[in-house]
Amino acid sequence: MGKPPNLFSFPSADELAPSLRTYVLDAQDSSLDRHGVFRVGVSGGSLPKTLAKALLEVKDDRQVRFDKWEVFFADERAVPLDHEDSNYKLVKEEILDKIPSEMGKPTVYPIDVRYLDDIQEMADQYEQTLVSVFAARDSVRLPMFDLLLLGCGPDGHTCSLFPGSPLLRETDAWVLPISDSPKPPPKRITLSLPVASHGIKIAFVATGGGKKDIMKQIFDTEEGRQLPCGLINTFAQERVSWFVDHPAIEGISFPARRGSL
Ligand SMILES: O=C(O)[C@H](O)[C@@H](O)[C@H](O)[C@H](O)COP(=O)(O)O
């Protein structure tokens with residue numbers, strides 16, 4: 001048995017940002033030492049805003065090497081890149097557009113919008129993108145992101161992997177289409193559960209009192225361990241770190257390590 005996931009809790013989302021920064025930059029520096037590039041998968045939701053705070057607002061003497069970042073989408077909605085629902089647009093407006101030019105720009109891998117009407121093809125194309133970046137599919141069983149930055153929905157979903165979805169049983173594909181997402185918009189693509197569990201480091205960021213019930217389920221109940229976030233906890237164990245604020249974990253006793261970075 002490995003060690004349980006880490007849990008880092010802070011009074012507020014603002015106070016969480018410096019530790020999230022330290023965690024991300026530690027991951028960045030060890031990836032750059034290892035292979036000269038930092039491959040990150042990001043979700044939508046509230047995460048890009050918190051991440052922007054950590055990377056662009058917190059001041060310390062460490063360097064964000066954006067020029068070495070390769071940014072992928074852990075899930076994306078099948079909409080044009082300038083659409084209100086686009087995770088690309090969200091990440092662009094929250095982070096990419098705000099990076100001072102002297103910091104350099106990440107290489108970003110958005111979905112191919114030529115396939116908006118064929119999400120199976122869109123998923124296959126995005127998988128091909130991963131194949132071309134992470135090495136040929138027959139030589140790597142799964143692409144290994146240096147860091148996956150994920151959110152947790154109020155039903156325990158993460159990426160666009162929803163509770164009870166047959167997609168959770170996928171063992172082969174790296175990227176999957178979904179046409180009936182319970183969270184709008186319905187058409188999306190998502191990393192599969194094996195890929196989402198395979199990051200060298202995986203961070204969940206969950207803030208606000210709206211997350212309290214689902215956090216309790218995920219960490220304190222057997223049913224919660226079967227939810228998508230719970231499954232990633234089980235598969236990836238100590239490679240997972242949760243960054244939460246106090247309202248999100250009020251009154252909960254976790255069998256997880258607590259602490260701050
Ligand atoms: O595109 C999406 O819908 C997201 O990737 C999704 O998985 C999100 O991360 C969670 O729903 C949490 O969202 P919040 O952080 O806004 O609660």
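**Helix α2 and its neighbours**

Helix α1 passes helix α2 in a right-handed crossing. The model is a predicted one, and what follows describes that model. Helix α1 covers residues 13-35 and helix α2 covers residues 47-57. Their axes come within 8 Å and cross at roughly 65°. Angles of 65 to 115 degrees count as roughly perpendicular, and α1 and α2 are therefore roughly perpendicular to each other.

Which residues of α1 and α2 meet? On the α1 side they are Ala13, Ala17, Leu20, Arg21 and Val24. On the α2 side they are Thr50, Lys53, Ala54, Leu55 and Glu57. Sorted by type, the residues of this contact of α1 with α2 are 6 nonpolar, 1 polar and 3 charged.

Helix α2 also packs with helix α3, which is made of residues 87-94. Here the axes are 9 Å apart and the angle is about 25°. Angles under 35 degrees count as roughly parallel, so α2 and α3 are roughly parallel to each other. The crossing of α2 and α3 is right-handed, as is the crossing of α1 and α2.

In this second contact, α2 contributes Pro48, Lys49 and Ala52. These meet Leu90, Val91 and Glu94 in α3. The contact of α2 with α3 divides into 4 nonpolar residues, no polar ones and 2 charged ones.

Strands of a sheet pair through backbone hydrogen bonds, either parallel or antiparallel. In this open sheet, 3 strands are in the order β4-β8-β7, with antiparallel pairing. The edge strands are β4 (75-77) and β7 (175-178), and each of them pairs on one side only. On average, neighbouring strands of this sheet are turned by 15° against each other, direction ignored.

The pairing of β4 with β8 can be described in more detail. Strand β8 consists of residues 188-191, and its antiparallel pairing with β4 runs over 3 bridges. Within this part of the model, aspartate 75 stands opposite threonine 190 in β8.

Helix α4, residues 119-134, lies across β7 and β8. The direction of α4 is at about 160° to β7.

To return to the part you asked about: α2 is roughly perpendicular to α1 and roughly parallel to α3.

Definitions and conventions: Residues are numbered from 1 along each chain as its sequence is written. This is a predicted model: local features need pLDDT of at least 70, side-chain atom pairs count only at pLDDT 80 or more; totals for chains, interfaces and linings use all residues. Axes are lines fitted to C-alpha atoms, for helices over the stretch in contact, and angles run from 0 to 180 degrees between N-to-C directions. Helices (H or I, at least four residues) and strands (E, at least two) are DSSP runs, numbered from the N terminus. Angles under 35 degrees count as roughly parallel, over 145 as roughly antiparallel, 65 to 115 as roughly perpendicular and the rest as oblique. A crossing is left-handed if the near helix is turned anticlockwise from the far one by less than a right angle, and right-handed if clockwise. Two residues are in contact if their C-beta atoms, placed from the backbone, lie within 7 Å. Ala, Val, Leu, Ile, Met, Phe, Trp, Tyr, Cys and Pro count as nonpolar, Asp, Glu, Lys and Arg as charged, and the others, Gly among them, as polar. Two strands pair if DSSP finds at least two bridges between them.
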